[in-house]
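User: Hey, I've just opened this one and I'm new to it. Can you walk me through what's there?

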Amino acid sequence: MSGALIILATLGTSLFTAVMIFLLPERAFRARTGLNLGAALVKLGLVAWMVWGLSRGREYTLAFPVLEGLAFVLRTDSLGIMFAGLSSLLWLFTTVYAIGYLEDSPNRKRFFGFFSLCVASTLGISLAGNLFTLLVFYELLTLSTYPLVVHRGTAKALAAGKVYLRFTLPAGLVLMIGMVALHALAGDIRFGQQEILAELAPGRRPLLVGIFWVLIVGFGVKAALVPLHGWLPRAMVAPAPVSALLHAVAVVKAGAFGIVRLVYDIYGVELSAELGLLHGLVAVASVTILYGSLRALAQQELKPRLAYSTVSQVSYIVLGIGLFGPLGTIAALSHLLHQGLMKSTLFFCAGNYAEELGIHRIDELDGAGRRMPLTSLAFSVGALGMIGVPPVVGFLSKWYLGTGAIQADMPWVIVVLLASSLLNAAYFLPILGRLWFRPGPDHGVGEWPAERRPVRLETLAWLLVPAVATALFSLMAGVLAGMPFSPLEWTTRVVNTEYLP
Amino acid sequence: MSDALFALALPTALLWPLVLMLRVSLTVARTERGQPRALLDGLWCTAPLPALALALGSDEGALALDWWLLGGRWMLDGTRGPLLAFTALLWLLAGGYARGYLAGEQARAVAGDGAAEVRLTRFALLWPLTLSGNLLLLVAEDIASFYLGFAVMTFAAYGLVVHAETRDARTGGRAYLVMAVLGEGLILAGLLWGAGSAGTTMLDGLREGMLEAPGGAWMGLLLWLGFGVKAGVVGLHFWLPLAHPVAPTPASAVLSGVMIKAGLVGWLSTLPLGEPTAGETFVWLGRAMLVAGLAAAIGAALYGVCQRHPKVVLAYSSVSQMGMATALVAMGLVAPTLWPTLSAAVVLFAAHHGLTKGALFLGVGIGKHPPRLPTWLLWTLLALPALSLTGALASGLAAKWAVKAVLYDGGYPTMVTGLSLAAVGTTALMARTLWCQWQGKGQAREEGLEPLMSPMPLAWLATLLAALTLPWWLGGELMVRGWPPLDELSGLLWPLALGLVGAVTAWSVARRRPLRLTWRLPPGDLWWPLVRSGQRLRTRAQGSLDRLGSAQGAWVAWWVARERDAIRALDGMTRGEGWLRRHAAVLMMGLAVGLALLNVFAPA
């Protein structure tokens with residue numbers, strides 16, 4: 001199969017699924033489920049094929065001019081395929097989860113249609129070959145996520161959707177202004193052509209710094225950098241699979257991925273360091289990490305606590321970008337994957353507690369470990385990973401961030417890491433304590449807020465399997481970090497081949 | 001042992017406890033709730049057996065696993081072997097003891113007590129998990145495995161501490177966890193800093209890197225304090241007397257006997273001990289450790305004798321003994337040339353204290369549930385490990401001589417005097433422990449005697465035997481100095497005599513005029529003022545967190561208000577446009593008239 005065709009097929013899988021789902025009638029449950037799962041598997045297969053091809057030195061490119069001097073480019077490079085792999089894998093689990101979660105609820109056709117569109121845009125973002133293409137899919141992502149956030153249609157959901165649009169649409173506009181300015185300055189820059197900006201006349205440098213920060217503001221809204229994070233905790237009113245999508249797979253990651261592309265593939269890490277941009281990024285990331293953790297500590301409900309934890313954890317990626325040197329880069333890129341695995345686990349589990357037992361507040365979790373042992377085990381793995389306890393992958397991220405900080409000669413970053421780890425422990429360990437060590441309704445103390453009918457397993461298999469699977473992946477990715485094609489090994493390879501400063 | 005066999009035996013030793021844990025969870029999942037099930041059976045007790053066989057059967061060996069975490073390297077050598085041997089042995093015997101100790105709980109669980117069933121299941125699951133963490137940290141040579149073992153052991157042991165679910169157990173568990181998290185944080189910071197500057201993932205690389213790195217002594221300080229939380233360094237020790245006594249007795253035994261040694265193992269593996277090239281800053285770190293160690297050794301003894309519960313007294317004795325160990329480790333930095341001989345003495349001391357303290361803790365349970373033995377024999381057996389801990393006989397005497405001879409030869413008589421003073425304190429603590437146990441014995445006799453051939457007395461006797469005969473079965477290369485000559489005995493035994501005289505005097509005084517002191521010195525000393533100031537801080541922090549939230553709210557509200565202003569301005573424009581539309585004709589007319597007038601009256 002030719003290179004262009006396989007890219008088109010990968011992107012087309014999700015787009016085609018979206019169109020087909022919109023065409024199918026609402027009651028065609030089986031056809032829709034089959035289509036969803038089939039497409040997710042086909043896409044995973046195609047991405048795996050491209051990973052394999054890429055590791056053997058093959059190139060996949062699709063490009064055509066849109067205007068004079070502006071092209072639409074889709075291209076696989078090892079960084080993009082990494083993000084594509086993550087989103088395809090997690091899409092499979094999220095789809096399975098969403099099928100179980102939305103069982104018997106109205107408007108499933110609308111939900112799954114936009115769901116597929118959302119994943120198609122994420123894939124487009126990961127395969128985009130220049131800023132213009134990335135921006136197209138970035139905007140598509142904003143628009144296709146809105147119906148998912150407001151899916152429930154309640155007043156709270158609509159308000160959250162409004163906040164979401166308020167933040168993301170102006171951000172898209174800011175991003176476009178930055179892109180146009182960059183285009184006017186240096187023409188169409190394909191990702192990987194860092195030399196174009198590096199060779200600009202020194203007189204243009206102040207302008208470059210300005211454009212950089214404009215673009216960071218544009219990406220920073222989706223990446224939930226403080227003070228642009230306000231939409232994220234509000235958006236947690238969305239159904240659990242959407243939260244997993246927002247926090248782990250698509251939206252937040254798209255912002256972080258955009259920053260990665262901006263620093264490594266447009267400006268180039270040397271130029272960014274020369275211009276002093278990286279120090280700014282580290283400062284912003286450190287503030288975000290600490291602020292997010294502090295705010296998470298103050299939350300009394302499970303999902304907002306997880307949401308603020310995302311604010312904090314995604315900034316680890318930005319922190320890693322800011323640490324000049326290979327270890328920091330490895331930390332940034334691998335945390336992109338690691339955080340996705342752990343956070344989707346946590347949101348799946350939070351959804352399971354809400355669906356099965358009606359639990360929303362943290363103090364209602366007492367003794368839930370006995371009623372739902374596998375879910376609680378998965379939650380514990382995710383939470384311990386977030387704290388940074390080995391062998392869960394979160395430890396590896398922290399390890400590379402810490403050693404990277406020393407390498408970049410910024411030892412004070414370790415203090416930030418340490419404070420954040422302690423805060424993580426302070427807001428996750430009490431939850432684990434409640435799950436496992438407090439007597440609850442299953443021990444004959446009190447009763448669950450709203451327990452669903454008993455099933456053979458602790459909850460529906462559709463809900464249980466994705467949570468356990470992502471937990472296992474986060475565990476295996478840590479234990480087997482030295483294996484070929486593990487997230488860490490792949491990012492190390494990416495960094496060694498492409499981004500050695 | 002051949003390499004292939006070692007490569008098989010080491011993973012088996014580490015995985016076997018996990019396999020047994022999995023078996024427990026499968027048993028629980030398979031049987032219906034409320035049905036009788038024996039979780040703590042004979043097979044469950046064998047969890048540390050492969051590790052013990054490995055430690056006794058193999059002297060040296062290494063295993064490299066490239067795919068594991070950041071690159072795994074596990075090995076066994078002259079230091080790790082003895083540590084692994086006594087650790088696995090104490091876990092094995094305490095596991096056997098637990099079968100008897102928790103038999104009552106098992107009976108209640110079978111009778112349908114749900115809470116007992118939950119507690120028992122938790123114990124059966126977390127015991128092997130804690131064990132596997134402990135074993136891993138002993139054999140790990142790569143930093144990631146070591147930290148993994150340490151973290152697994154620390155967090156899993158929380159479940160053992162809070163086992164009883166009483167109020168005291170919760171307090172103990174909370175103190176344990178808070179301090180453990182703090183310790184893990186300090187350790188992680190030290191490891192990241194050290195490994196980052198040296199660019200290594202191995203412990204030996206870390207030690208070498210610290211010598212050359214600027215600020216190496218600060219890394220050492222972080223690691224010393226981080227592991228010091230586990231080892232009960234003075235100032236960070238207060239969780240021990242809160243957590244060790246509330247755990248079930250077999251768990252107390254392993255907590256105080258072997259898990260506390262994980263801190264010591266951490267020091268041995270990460271600090272550049274015995275390196276003559278270490279700079280002056282390391283010597284200063286060593287001096288700080290020395291002072292802290294001796295302060296803990298003597299201070300804990302003074303505070304401990306005022307306690308009423310035998311397990312609390314024993315916990316303070318652990319702080320005191322670990323203070324001595326801290327002082328000995330500090331000598332590795334202060335006097336690096338002594339270290340090659342001293343390190344063997346430290347390992348011997350650790351093994352001696354581990355098994356003896358295990359026997360003492362298990363003995364507390366025996367005092368409460370005495371077996372069918374004559375009273376004089378029982379109390380002699382209970383007193384034997386206490387005497388050994390003071391250094392009067394068996395392993396205690398061997399360890400004491402090993403330490404003292406090295407220090408004398410090295411020219412550190414002050415240090416020996418300090419340790420001897422601590423030994424006086426140990427004697428007082430042991431006397432106090434036995435006295436507290438004696439006072440509780442009357443009640444125990446009324447509850448009936450245990451048969452001698454049941455798990456608890458057998459495990460206790462075996463631990464006692466293992467502890468007393470330690471120099472013969474483990475000594476080997478550790479006993480560099482052999483046994484003390486007869487004329488040295490007086491120099492070794494005076495602390496015991498002094499301690500005994502002091503204890504008898506104090507007892508006779510206290511009998512006539514009971515002291516009220518014990519009420520004002522609660523176990524956990526520093527914890528209570530810290531909790532109070534923590535609460536005050538928390539109220540204040542809660543306030544600032546709330547302010548942070550409201551500041552964010554105000555910020556958002558400001559933006560929303562600006563948006564409303566903008567919309568109002570837009571609405572104003574719409575209104576203005578309407579007004580213009582309505583009055584367009586008049587305005588145009590006015591404009592035309594105005595222009596015309598301007599034309600007419602304009603100066604030509």
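User: What does UniProt call residues 140-365 of chain B?

Analyst: An unreviewed UniProt entry annotates them as "domain: NADH:quinone oxidoreductase/Mrp antiporter transmembrane". Positions are given in the numbering used here, feature names are shortened, and annotations may be inferred rather than shown by experiment.

User: Before we go on, what should I know about the model and the numbering?

Analyst: This is a predicted model: local features need pLDDT of at least 70, side-chain atom pairs count only at pLDDT 80 or more, and totals for chains, interfaces and linings use all residues. Residues are numbered from 1 along each chain as its sequence is written, while chains are lettered from A and ligands numbered from 1 in the order in which they are written.

User: OK. Which residues of chain A does UniProt give that feature to?

Analyst: In chain A the feature "domain: NADH:quinone oxidoreductase/Mrp antiporter transmembrane", again from an unreviewed entry, sits at residues 128-422. That stretch is 78% helix and 0% strand, with its end C-alpha atoms 38 Å apart.

User: And how many helices and strands does chain A have?

Analyst: Chain A has 21 helices and two strands. Its radius of gyration is 22 Å, close to the 23 Å from the globule rule for 501 residues, so chain A is as compact as a globular protein of that length. The radius is taken over C-alpha atoms, and the rule is 2.2 Å times the number of residues to the power 0.38.

User: What about chain B?

Analyst: Chain B has 26 helices and two strands. A compact globule of 604 residues would have a radius of gyration near 25 Å, but chain B has 33 Å. Along the principal axes, its C-alpha trace spans about 140 × 65 × 65 Å. The domain assignment, which is automatic or from a database, gives domain 1 (273-516) and domain 2 (530-601) in chain B. Their C-alpha centres lie 77 Å apart.

User: How much of each chain is buried?

Analyst: For chain A, 61% of the 501 residues count as buried, and for chain B it's 52% of 604. Buried means 20 or more other C-beta atoms within 10 Å of the residue's own, exposed means 12 or fewer, and partly exposed is in between, with C-beta atoms placed from the backbone.

User: Where do the chains touch?

Analyst: The contact takes 28 residues from chain B and 31 residues from chain A. Two residues are in contact if their C-beta atoms, placed from the backbone, lie within 7 Å. On the chain B side, the elements giving two or more residues are helix 6 (114-139), helix 7 (143-161), helix 8 (167-198) and helix 25 (527-582). Helix 8 of chain B gives the most to that side, with ten residues.

User: Switching topic: where is His583(B), and is it buried or exposed?

Analyst: His583(B) is in the loop between helix 25 and helix 26 (584-601) of chain B. It counts as exposed because it has 12 C-beta neighbours inside 10 Å.

User: Which other peptide bond is cis?

Analyst: The one from Pro390(A) to Pro391(A), with omega near 5°. Pro391(A) is in the loop between helix 17 (373-387) and helix 18 (393-407) of chain A.

Note on methods. Helix = DSSP H or I, 4+ residues; strand = E, 2+ residues; numbered from the N terminus.
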